[in-house]
Amino acid sequence: MEQPTAIEVRGASRRYGSIQALDNVTLTIDAPATGLLGQNGAGKSTLMKAILGLVRLDAGEIDVLGHNARRDGEQVRRRIGYAPEHECLPPELTAADLCRHLAELRGLSRADAIRRASEVLFAVGLEEERSRVIGGFSLGMRQRVKLAQALVHAPELIILDEPTNGLDPAQRAEMLDVIRRVSRDLNVRVLISSHILDDIRRTCDAVVVMRDGAVTLARPLATEADEADVLRAETVSNSAPFVAAMTAAGLDCTVIDTTTTRVVIRSERDRDVLRDTAASTGVGLRRLHRDGPSIEDELLEAIG
Amino acid sequence: MSEAKIHDVRYRPYDGEVSGSSRRAIVSMARWSALRALGARRPWTAKIVPVGLALIALGPAITALGVKALLGSTITQQLPGDLVPYGPYYQLIGFAILAYAAIVIPETICPDRRSRVLDLYLSTALSPREYVLGKVFASLIPLLAVTTLPLAFLYVGNVFFATHPLGYVQDHLREIPAILGGGLLIALVYTLLGLAIASLTSRRAFASVGFILLLIISGLVSGALREVANLGPNSRLINLQGLPIWLAQKMIGGEPSFIKNGPLQQVNTPDVGLLILINAILIVVCVGILALRYRRSDA
């Protein structure tokens, strides 16, 4: 059966006093994992809460999994999981008890809630710590508990608000791995907000960039063209033998002038070929730099 | 040789029943909140207050039934009246009831605001109304163990020790609904009052002190109005220390008594009608405060 579109936003606007939190936002989110990128105050959290039906829009509509977020808010929240950005876990409960409790609140029977709590804590790597109280957890473990509770009722979509906030590099890498696994292996669609570009690049298939409450960019991330790196190689002497050898090795080269060549790098092997060919032909590689703006440049410009 | 990996994430898509009923959410909220307030899965120090106050409330009943068990019903039946009559029982355990409401009830609601769990709860399908109802049951049911259980225990004990148990039940039939109703009334009023005050703060200590101060101040103002302004028994209508207890006592039968310059003296309290009215107003005000504090602010 075909899955309904995850999220469809049409002309959503919301103002708080003098601040335009959402400014006529229109977008469709349907990738397995979508990143919501923007600086603090860009409107990411407001959009997420509007998707959950927790924020009333001044104008516009949001459909989530085929349901109107405002009209059918409870039904929407029953089918999606949400992990807020801020600290929101009761310190005196164990991870297993919290997941059980939230599963019951979402309509699971007591027996199913116990089983699901165990499954999701295993899935996020907290199997061993499930009977420890959350108050004794590290920040990274608490973020995983937030993720586990969001998954406990087997939602079709989970919304994670800044899930790597405050984590050290090792914890952050682990958390991103877990999130990636959720969307790839567990087949749960993910919407993740972050102000860190690298987090989105490592976990998402599509990105939506917000600035001052408006969407400035919405595009898929991992296309073949994005993954390829287009480099400009400047040589000291005539680059003809270098280009011939590179082309013979299977690289896509375009001559710009006698000493400048555009080279498409699709893999680490291509980089090695470029380096070795420059050495073997003796052309003298003077400068090697990216040709044109990268996706990072594009995203950074959109973030502002 | 090809490389093979087995990824066991022990996560299966859930295809079981997902109930959309409010009842399950309310029951879950009530059960988990009550367990937390009663100190379940927490160190023994967290259990002392609720268990201790429940035992204090049972104390007079245990003592009365113990005396009956030791002396035998033939001797105790020669005493004028019951060893511990039902009516004044509430006054004997008034301290335990108020202390329970002041200390245990904030425990059900304040930590949710303090640790911001409320945002998490409301991001599920749980509505603010269901949340508050869950908290009311989480506070009310344990409080019934302090208000209703001791009198019910005393009643059952009296039946057990009576020479003619069936005759005792026939003679004291009207006490049964009065004990159940009176206990429920006291528990309901103090539950709602405790929750309403606790909803104004995220700190348990502030909620407890606020509850106690409100009771003390209302008692002092009531006393001042009676003595200085000579307003008579109706001045007691603003005394929150006794408002539901006096009504419950009148439901069972008997007038409240106070120790004043010596032995117990019967005192005049407002009419039953006025007591019902003021208790009802108090309930409505508390529900209003809770509704305001837990309205969905933005959706």
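Tutor: Helices here are DSSP runs of H or I with at least four residues, numbered from the N terminus, and residues are in contact if their C-beta atoms, placed from the backbone, lie within 7 Å. The model is predicted, so local features need pLDDT of at least 70 and side-chain atom pairs count only at pLDDT 80 or more, whereas totals for chains, interfaces and linings use all residues. Residues are numbered from 1 along each chain as its sequence is written, with chains lettered from A and ligands numbered from 1 in the order in which they are written.

Just after the helix, B:Gly253 adopts a positive phi of about 115°.

The packing partner α11(B) can be described in detail. The angle between α11(B) and α13(B) is about 175°, and their axes are 8 Å apart (lines fitted to C-alpha atoms over the stretch in contact, with angles from 0 to 180 degrees between N-to-C directions). The two helices are therefore roughly antiparallel, a label that applies to angles over 145 degrees. From α11(B), the contact draws on B:Glu175, B:Ala178, B:Ile179, B:Gly181, B:Gly182, B:Leu185, B:Ile186, B:Val189 and B:Tyr190. From α13(B), it draws on B:Leu243, B:Pro244, B:Ile245, B:Leu247, B:Ala248, B:Met251 and B:Ile252. By class, this contact has 13 nonpolar, 2 polar and 1 charged residues (Ala, Val, Leu, Ile, Met, Phe, Trp, Tyr, Cys and Pro are nonpolar; Asp, Glu, Lys and Arg are charged; the others, Gly among them, are polar).

The setting of chain B includes its contact with chain A, which takes 34 residues from chain B and 36 residues from chain A. On the chain B side, α1 (22-37) and α7 (117-122) each supply at least two residues. The largest share of that side, 6 residues, comes from α1(B). Its composition is 16 nonpolar, 9 polar and 9 charged residues.

Technical notes:
Contact = placed C-beta atoms within 7 Å. Parallel < 35°, antiparallel > 145°, perpendicular 65-115°, else oblique.
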